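Trainee: Hey, could you walk me through this one? I'm still new at reading structures.

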Amino acid sequence: MSILHTVNKSPFDRNSLESCVRLAAKGGAVLMIEDGVYGAMKGTSKSDMVSNAMKDLTFYVLGPDLKARGVDEGKLIDGVKVVDYSGFVNLTVENDKVQNWL
Amino acid sequence: MSETKKLMYVNRKAPYGTIYAWESLEVVLIGAAFEQDVSVAFVDDGVYQLCKDQDTTGLGIKNFSATYKALGDYDVNKLYIEKESLEARGLTLDDLMPLVYEDEDDDWAEKDSIKVVSSQEMAELFEQSDVLFNF
């Protein structure tokens, strides 16, 4: 059993990413989309939280949302995987269910 | 189709400031009407939804807190509150509405609907659900 968690809010505006990390069970996947992509950047006050959670969770970020916001892939936390729309679809298929952290 | 699914409704917003809490209640009751296995979780500001003594007369909008007390009559009796969220807000069970249901398998004994669980237990409850609705 595994859950794909989507986060679409900036971690500096809402606590969605923080709550997702706190309440996601081991083995889950977290996909950052829309304003959620800011949570994938390194060197921020939230980066350590994401890095530390990588022992239990796999982190993904949606490429088109990064590009739209001018976020270079070189600025991502090591270990965060960039996916495109078909990668997003694959994640929904590979996991048993989706939990959207609004 | 008579398949029963385990539905988990996750509430993370305070009442009245946004429409999320009220919308969630509506959808919870729809799920219950279709005789699904319904659980409701309260995390983050969602725990404020269950505070007692809510009074919206000064706002001119409906006080929907009484609806939570009716959930037991719709067989919605699994309400889970995250301990960490409750404590972070300086709240205890005494600050919340006492919500109960009558257990038909136990001579209609009145039982508490609310269970306080840890973050880890909450994560397990999410895993055990078939469908998750976040509000």
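This is a predicted model: local features need pLDDT of at least 70, side-chain atom pairs count only at pLDDT 80 or more; totals for chains, interfaces and linings use all residues.

Trainee: OK. How many helices and strands does chain A have?

Mentor: Chain A has four helices and five strands. Helices (H or I, at least four residues) and strands (E, at least two) are DSSP runs, numbered from the N terminus. Reading from the N terminus, the order in chain A is β-α-β-α-β-α-β-α-β.

Trainee: And in what order do the strands sit in the sheet?

Mentor: The order is β4-β3-β2-β1-β5 in chain A, an open sheet of five strands with parallel pairing. Two strands pair if DSSP finds at least two bridges between them. β4 (81–83) and β5 (97–101) of chain A are the edge strands, each pairing on one side only. From one strand to the next, the twist averages 30 degrees.

Trainee: What packs on that sheet?

Mentor: Helix α1 (residues 16–23) of chain A does, touching β1 (3–7), β2 (29–32) and β5 of chain A. Its direction makes about 165 degrees with that of β1(A). Axes here are lines fitted to C-alpha atoms, for helices over the stretch in contact, and angles run from 0 to 180 degrees between N-to-C directions. For contact, the C-beta atoms of two residues, placed from the backbone, must lie within 7 Å.

Trainee: Let's zoom in on β1(A). Which strands does β1(A) pair with?

Mentor: β1(A) pairs with β5(A) in the parallel sense over five bridges, and with β2(A), also parallel, over four bridges. A:His5 has A:Gln99 in β5(A) as its bridge partner, and A:Thr6 has A:Leu31 in β2(A).

Trainee: How many of the residues of β1(A) are buried?

Mentor: Five of its five. Buried means 20 or more other C-beta atoms within 10 Å of a residue's own, exposed means 12 or fewer, and partly exposed is in between, with C-beta atoms placed from the backbone. In a regular strand the side chains alternate between the two faces of the sheet. In β1(A), A:Ile3, A:His5 and A:Val7 are on one side and A:Leu4 and A:Thr6 on the other, and all are buried.

Trainee: What about chain A overall, how many of its residues are buried?

Mentor: Buried residues make up 35% of the 102 in chain A. Its C-alpha trace spans about 35 × 25 × 25 Å along the principal axes. Also, 68% of the contacts in chain A with a separation of 6 or more are between residues 24 or more positions apart.

Trainee: Switching topic: how many residues from each chain are in the contact between A and B?

Mentor: It takes 13 residues from chain B and 13 residues from chain A. On the chain B side, α4 (119–128) and β7 (131–134) each supply at least two residues, and the largest share, six residues, comes from α4(B).

Trainee: Where is B:Pro15, and is it buried or exposed?

Mentor: B:Pro15 lies in the loop between β1 (6–11) and α1 (20–33) of chain B. It is buried, because 24 other C-beta atoms lie within 10 Å. Leaving aside neighbours within four places in sequence, B:Pro15 is in contact with B:Ala21, B:Tyr48 and B:Gln49.

Trainee: Last one: what is the phi of B:Asp75 and of B:Asp107?

Mentor: Most residues other than glycine have a negative phi. B:Asp75 has a positive phi of about 60 degrees although it is not a glycine, and B:Asp107 has a positive one of about 55 degrees. B:Asp75 sits in the loop between α2 (65–70) and β3 (79–82) of chain B and counts as partly exposed, with 14 C-beta neighbours inside 10 Å. B:Asp107 is in the loop between β4 (100–103) and β5 (109–112) of chain B, and is exposed, with 7 other C-beta atoms within 10 Å.

How values were computed:
Residues are numbered from 1 along each chain as its sequence is written. Chains are lettered from A and ligands numbered from 1 in the order in which they are written.
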